[in-house]
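Take a look at the structure below.

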Amino acid sequence: MITLPSTEEISAFLNESNFQKAGIVGVPPLAVIRELNQRRIEILDLDAMLVLEDMESTVSLLPRVYCAILRTVVLNAMHLDLDAIFIDTGPGKCDGAMHVATVLEHSMDIPIIRTVNSDREPFGHPFCRTQMGLTDKFLTITERVKSPSLPENPPPPCKPTAGFWGVPPRDFSILSLFPDTTHVYGWTRCMENKTPANDALEAHNNMDIPTVFFSQSFCAKTALARLLARQHPHALYLDIDVHTGSSAKAKIQAFLELSGVQK
Amino acid sequence: MILADFGTSYTKFIDLTAPEPVPYLRATKELDRDLKVDLATGHNGKRFSSHYVNELIALARGGESLIDDDNYLLLDCGSRDIKYIRYRDGKLQDMGWNAECGASMGFTIELLENYYNLDFNTLPIPDKTFSVTCGVLGISSIFDEITSGMDESAAVASFVKGIAINAFRFAGSPEKMYLSGGLCDNRLFVESLPCEVVPLGRFVLLAGLQKIGKLPATD
């Protein structure tokens, strides 16, 4: 059984190292993010597309039929010059991340530090509820994972006309199809709230607005997305792999237009 | 004003400037590459018009024009994909578009009919159903059965029934469906669907374009 380091042990470990650049996977505990910031260690979010390398270069480490986000993590890890990786392997991320941590431990020459984020203190989720282009909204929320502090000027909420439930997609191109008044739900909201394992917040959605329930193909969250979509009176369930095909984009466009949502 | 639904195998047109507009078909591979129409849908449509309508929207609007009901399931089976729209109380409830693992079903059916020189309107509905989720992958089931001694026409019929069952399940296993697309003319396919079927023909998306362009629907 793998023993997870405590925050104190991580702090002591960082004292003895001279890390300049660390990758994070998922949302590591706030104490870890705070430590990295205090030590001015550059944080790179490995869940995001950071390199333009071919995804096929990961097939020596991961199966092709695997979550595109975790394949992206491995792709980034292979091609970025990192000093360490902090990977959340608890219920706030997924079992897949736990196994990817093992894969990385066996294939990388840098420390792979496992964490389990069980933070419960809510930071709020103003960007999920404000009027802003959905792509910018997701860029802001994912960027804020690296910050240990509240936003200085949280934006005001707007009246929602559509909903997007799910994780930040690997391919952001679908986000441009939604109106600025789209509210964000699901794990992305947990992410902004800095409580990634808050399953009640993750399941929350708004029954009064047309909502797209999105999940990455091969992610365990597809089960929850499908359940919530079945329960919602006006929903579109979508799972998308590495890239968004034209039929998936057309489905979103048609769903919003036929639901009377103005772009 | 010319409206067109540019499908993979066939393109459907209607010329509204004609004295008595009647929809007609052309093989897509025979179209003039410089052709331009006023309003288009279909997966090839963007090349032929500056006014393009998403296929699901055209299908939904076509259903609204042609179906006198507030609660229905409309399934469109094309050459390369299958898609459906479900309305409840006159509003969109659900939709689906399968262009990947449901791919090439219509195309493969036509290919097999020509290759084996069959007439799907005379073949009996088979008892046996192949488990088919993709036209291309399903062909191997036919070859397996033929090499095991099954009659060619019976093997192809089982394949077509498998495709019908797969499309039915994709659409949520409804008790009744309205059917759009060229397979409306394929008796074997229509009668293999295990529910009440109302065939609407090939021109449902054209009716949708007429509604979107606020033009009177044509029979």
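Start with the contact between the chains. In this predicted model, 11 residues of chain A are in contact with 10 residues of chain B. Which helix of chain A gives the most to this side? Helix α10, residues 246–258, does, with 8 residues.

Now step back to chain A as a whole. Chain A has 10 helices and 8 strands. Its radius of gyration is 18 Å, and the globule rule gives a close value, 18 Å, for 263 residues, so chain A is as compact as a globular protein of that length. Along the principal axes, its C-alpha atoms fill a box of roughly 60 × 40 × 30 Å. Of the 263 residues of chain A, 44% count as buried. Look next at contacts between residues at least 6 apart in sequence: in chain A, 68% of them join residues at least 24 apart.

One helix is worth a visit. Helix α3 of chain A spans residues 68–79 and has 12 residues. From first C-alpha to last, helix α3 reaches 16 Å, close to the 16 Å expected at 1.5 Å a residue. Is α3(A) mostly covered or mostly open? It is mostly covered, with 10 of its 12 residues buried. Among them are A:Ile69, A:Leu70, A:Val73 and A:Val74. A:Arg71 and A:Asn76 are buried too.

Notes
Residues numbered from 1 in each chain as written. Chains lettered and ligands numbered in written order. Predicted model: local features only at pLDDT ≥ 70, side-chain atom pairs only at ≥ 80, totals over all residues. Helix = DSSP H or I, 4+ residues; strand = E, 2+ residues; numbered from the N terminus. Rg over C-alpha atoms; globule rule 2.2 N^0.38 Å. Buried ≥ 20, exposed ≤ 12 C-beta atoms within 10 Å, placed from the backbone. Contact = placed C-beta atoms within 7 Å. Expected span 1.5 Å × (residues − 1).
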